[in-house]
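Trainee: Hi! Could you walk me through this one?
Mentor: Happy to, let's have a look together.

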Amino acid sequence: MSAQAPHGEEFRVLITGGGVAALEAALALHDLGGEDLAVTIVTPNEEFVYRPQLMREPFTPAVASTYSVAEIARRAGARLRRDRFRWLDPRGRVLHTAGGECLRYDAILLAVGARTHPRFRDAVTLDDARLREQLGDLVAELEAGALGSVAIVVPSLPIWSLPAYELALMTARRARAAGREVPVLLVTPEDSPLSALGMSASAEVAELLAQSGITTITSASCQIREPGRIDLYPLRSSILVDRIISLPELYAPSLPGVPTSAERGFVTVDSHGAVHGLVCVYAAGDITDTPVRHGGLAADQADVAAQAIAALAGVAIEPRSLRPALHLMLLGGATPLFIRSQMLGEQGVELEVSRDPLWPPDQQLHSEYLGPLLAELDAERVGGDPP
Ligand SMILES: Cc1cc2nc3c(=O)[nH]c(=O)nc-3n(C[C@H](O)[C@H](O)[C@H](O)COP(=O)(O)OP(=O)(O)OC[C@H]3O[C@@H](n4cnc5c(N)ncnc54)[C@H](O)[C@@H]3O)c2cc1C
């Protein structure tokens, strides 16, 4: 293959971000274009945190795995710049960084994720960086019998609502294990529990919640105007509970130079990840305007964009378009519930739901390149073979 930029030098790809989408794209580009693509990752992150493991941290001694971004970049044959996206000059094909650099590109992938923001002042809003601290008190109070009731709230969509369900299930389970009867309430704007997965998977989740004694209120928006009181709409009723825990709301980070016509500043892309209205600019992951935010989906978007960028660079491939699939392992019941949901366009959804593992249980992040590399890095740490 030959990856030649119009200026006759190597084809320069910039990737902004250091999460699932950015790292998956770097690995995919390495596989597709090898040494012929000059890939640079621009991110302030030193570590990649395995988010799917975060929610269980306060309930178990296990700690979420972290990986060196520099090591992943090295395996992807990419350069790493500790810097941030500041603004884009798409005409001049220059990324201006927070550190004052002007980085020229032939193609750029925006993978800077979403920003989280608390919706309610009088509720505990979950924060990835402080989950153990935030939920540690909850666990202690549950066990001591100091809490009469707990509500978990999904304030608005789009967000990956799975952590709310896991938290509700783990809370109910921990209270039961401590011999406490603590009513747990889950309030969500979704039409049915985890409705993005399709009706039959949603029905399974609803049953699991009911069996665990969790009351679920769907299609609800709510206001919390004082500690311990949830005002529900359109029901126009209020519920009093001892503790309210809310997911955050998601917004796009500010991206000057990039058209953000979608609600809350998210970026609209076509089925190959190209940003609407711009040339040679691609986006993947939580920054894009997808109805669901999910690590596996972010990785697939990254693979799709990487293929389109490789084709642009002259690699002889037919870039594929997105084939959204959600792989979800719902923790918190007696055994995890495995759900695989493949969107087949006009042919609907292909769904598998099982209590037997549909994939290795330690792989909660489904991706072609990053998941296997993380397994490899885990194995190197303990000195074994990857699973
Ligand atoms: C608690 C929790 C549990 C979850 N569980 C699951 C699960 O079980 N399975 C699953 O598939 N998904 C899960 N998700 C969702 C999944 O983590 C996200 O969908 C996924 O991380 C999105 O990847 P991303 O690369 O788009 O964004 P992120 O992973 O958020 O990465 C964005 C990156 O961009 C960097 N960045 C930000 N601004 C800039 C800038 N200006 N310049 C350069 N870099 C920048 C950030 O530092 C970060 O490294 C969970 C999410 C949470 C919060």
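Mentor: First a term: a polar contact is a pair of N or O atoms within 3.5 Å; within protein, one must be able to donate a hydrogen and the other to accept it, and residues adjacent in sequence count only if both atoms are side-chain atoms. This is a predicted model, where local features need pLDDT of at least 70, side-chain atom pairs count only at pLDDT 80 or more, and totals for chains, interfaces and linings use all residues. Residues are numbered from 1 along each chain as its sequence is written, and side-chain values use heavy atoms, with hydrogens and water left out.

Trainee: Okay! How far is a backbone N or O atom of V20 from an oxygen atom of the ligand?
Mentor: That distance is 3.2 Å for V20. A21 also brings a backbone N or O atom to an oxygen atom of the ligand, at 2.9 Å. With R84, a polar side-chain atom lies 3.5 Å from a nitrogen atom of the ligand.

Trainee: And how much of the ligand's accessible area does the protein cover?
Mentor: The protein covers 87% of the 990 Å² that the ligand has on its own. Accessible areas come from the Shrake-Rupley method with a 1.4 Å probe; for residues, only the protein chains shown count as cover.

Trainee: How many residues surround the ligand?
Mentor: There are 27, and the closest are A21, N45, F85, D286 and G295. Being near means that a heavy atom of the residue lies within 4 Å.

Trainee: Which element gives the largest share of that shell?
Mentor: That is α6, with three residues. Helices (H or I, at least four residues) and strands (E, at least two) are DSSP runs, numbered from the N terminus.

Trainee: New topic: how many aromatic pairs does a search of the whole structure find?
Mentor: Two. Rings of Phe, Tyr and Trp (its six-membered ring) pair if their centres lie within 6.5 Å; planes under 30 degrees apart count as stacked, over 60 as edge-to-face and the rest as tilted. F48 and Y67 make a tilted pair, 6.4 Å centre to centre with 40 degrees between the planes.

Trainee: Why does the pair tie together parts that are 19 residues apart in sequence?
Mentor: Because F48 lies in strand β3 (residues 47-49), while Y67 lies in strand β4 (residues 66-68).

Trainee: Is F48 buried or exposed?
Mentor: F48 counts as buried, at 5% relative accessibility. Buried means under 20% relative accessible area, exposed over 50%, partly exposed in between (1.4 Å probe, protein chains only). Y67 is buried as well, at 4%.
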